[in-house]
Amino acid sequence: QVQLVESGGGLVQAGESLRLSCAASGSIRSINYMGWYRQTPGKQRAMVATITSDGSTNYGDSVKGRFTISRDNAKNTMYLQMNSLKPEDTAVYYCNAGLQPTSAPYFFQYWGQGTQVTVSS
């Protein structure tokens, strides 16, 4: 069974850093895109950063210059380095990936369970 598991969330003060990880596990044939999204109560889930299989990246305007997305294809793992954190970065962060299980001929979209990031002022 394929799953995405996030880790690395927590409580930090404004200006500090955190590094999130997302590990894809199970019988996986290939991973296409991966990305981080975040959500706060009452709001829609918003894109934070995405990365393609060849390393092309895209960032939300609010995190450009502060966050860096990366991935280790050999480990099926994605990272989000978050620097200069602000209180408005407080949210549940979700991992997202388009991947093909070994048991299927197609790619499917998967989501992790989410990890809480809280930034105090």
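## Ground rules

The model is predicted, so local features need pLDDT of at least 70 and side-chain atom pairs count only at pLDDT 80 or more, while totals for chains, interfaces and linings use all residues. Residues are numbered from 1 along each chain as its sequence is written, and side-chain values use heavy atoms, with hydrogens and water left out.

## Overall fold

The protein chain has 11 strands and zero helices. Both are DSSP runs, numbered from the N terminus: helices are H or I with at least four residues, and strands are E with at least two. Along the sequence the pattern reads β-β-β-β-β-β-β-β-β-β-β.

The radius of gyration is 14 Å, which agrees with the value near 14 Å for a compact globule of 121 residues. This radius is taken over C-alpha atoms, and the globule rule is 2.2 Å times the number of residues to the power 0.38. Along the principal axes, the C-alpha atoms fill a box of roughly 45 × 25 × 20 Å.

Of the 121 residues, 40% count as buried. Buried means under 20% relative accessible area, exposed means over 50%, and partly exposed lies in between (1.4 Å probe, protein chains only). The chain exposes about 6400 Å². Carbon and sulfur atoms supply 46% of that area. Accessible areas come from the Shrake-Rupley method with a 1.4 Å probe; for residues, only the protein chains shown count as cover.

Contacts also reach along the sequence. Take those with a separation of 6 or more: 56% of them join residues 24 or more positions apart. Contact means heavy atoms within 4.5 Å.

## The disulfide

The structure holds one disulfide, defined as a pair of cysteine sulfur atoms within 2.5 Å. This bond joins Cys22 to Cys95, with an S to S distance of 1.8 Å. Cys22 lies in strand β3 and Cys95 in strand β9 (residues 91–101), so the pair ties together parts 73 residues apart in sequence.

The torsion about the S-S bond is about -65°, so the disulfide is left-handed. Both Cys22 and Cys95 are buried.

## A closer look at Leu20

Leu20 sits in strand β3 (residues 18–25). Leu20 counts as buried because its relative accessibility is 0%. Leaving aside neighbours within four places in sequence, its contacts include Ser7, Trp36, Met78, Leu80, Tyr93 and Val117.

Trp36 is 16 residues from Leu20 along the chain. Their C-alpha atoms are separated by 9.4 Å.
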